[in-house]
Amino acid sequence: MPTNSKTTALTTNQKVHGIVHTAATAAAAVGAGLAQIPGSDAPVLAGLQTTMIIAIAHEHGAAITKAAAADLLLTFTATHVGRGISQWLVGWVPGWGNAINASTAAALTEAVGWAADAYFGEERAAA
């Protein structure tokens with residue numbers, strides 16, 4: 001019986017989508033799980049987003065160190081102020097706070113991921 005074994009290679013764009021969405025889902029879980037302890041999710045989210053930036057850079061063929069990725073994260077995350085405000089206002093409220101923290105963490109991680117994709121995509125196009 002013949003087997004049809006097609007190998008489907010993912011494009012860089014598809015891989016980046018997977019990286020960003022996986023990181024955003026993980027960020028939502030962290031945001032929801034640590035909602036009642038203000039600021040406790042920040043180091044976890046920073047590590048998650050730094051790893052995401054490194055993975056995106058790799059998919060674009062760029063070599064980047066963890067320190068450089070952390071620097072980019074600082075550049076991309078001026079919006080973390082908004083996250084801090086939302087957490088301060090309602091993050092401590094069980095239920096609602098968890099949902100708001102989860103959605104804010106996911107949205108900001110998505111934004112950082114797409115900013116990194118655009119950054120490394122432009123860098124690659126310029127080369």
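In the predicted model, T50 is found in helix α2. The relative accessibility of T50 is 7%, and because the limit for a buried residue is under 20%, T50 counts as buried. Apart from neighbours within four places in sequence, T50 is in contact with K66, A69, A70 and L73.

Helix α2 covers residues 42-59 and helix α3 covers residues 66-76. Their axes come within 9 Å and cross at roughly 110 degrees. Angles from 65 to 115 degrees count as roughly perpendicular, and α2 and α3 are therefore roughly perpendicular to each other. The crossing in which α2 passes α3 is right-handed.

The axes of α1 and α2 come within 10 Å and cross at roughly 175 degrees. Since angles over 145 degrees count as roughly antiparallel, α1 and α2 are roughly antiparallel to each other. Helix α1 contributes T12, K15, V16, I19, V20, A23, A26, A27 and V30 to the contact. The residues they meet in α2 are V44, L45, L48, M52, A55, I56 and E59. The contact of α1 with α2 has 13 nonpolar residues, one polar residue and two charged residues.

G33 and N98 are 65 residues apart in sequence, and their C-alpha atoms are 7.0 Å apart in space.

Two further pairs involve helix α5, which covers residues 96-126. G97 is found in this helix and has a relative accessible area of 0%, so G97 is buried. The C-alpha atoms of G97 and Q36 are 7.5 Å apart, while 61 residues separate the two in sequence. E123 is also found in α5. The relative accessible area of E123 is 37%, and E123 is therefore partly exposed. Between E123 and H60, which are 63 residues apart along the chain, the C-alpha separation is 8.8 Å.

For the protein chain as a whole, the model shows five helices and zero strands. Read along the sequence, these elements follow the pattern α-α-α-α-α. Buried residues make up 35% of the 127 residues in the chain. Of the contacts between residues at least 6 apart in sequence, 73% join residues at least 24 apart. The accessible surface of the protein chain comes to about 7300 Å². Carbon and sulfur atoms account for 68% of that surface.

Technical notes
Residues are numbered from 1 along each chain as its sequence is written. This is a predicted model: local features need pLDDT of at least 70, side-chain atom pairs count only at pLDDT 80 or more; totals for chains, interfaces and linings use all residues. Side-chain values use heavy atoms; hydrogens and water are left out. Axes are lines fitted to C-alpha atoms, for helices over the stretch in contact, and angles run from 0 to 180 degrees between N-to-C directions. Helices (H or I, at least four residues) and strands (E, at least two) are DSSP runs, numbered from the N terminus. Angles under 35 degrees count as roughly parallel, over 145 as roughly antiparallel, 65 to 115 as roughly perpendicular and the rest as oblique. A crossing is left-handed if the near helix is turned anticlockwise from the far one by less than a right angle, and right-handed if clockwise. Buried means under 20% relative accessible area, exposed over 50%, partly exposed in between (1.4 Å probe, protein chains only). Contact means heavy atoms within 4.5 Å. Accessible areas come from the Shrake-Rupley method with a 1.4 Å probe; for residues, only the protein chains shown count as cover. Ala, Val, Leu, Ile, Met, Phe, Trp, Tyr, Cys and Pro count as nonpolar, Asp, Glu, Lys and Arg as charged, and the others, Gly among them, as polar.
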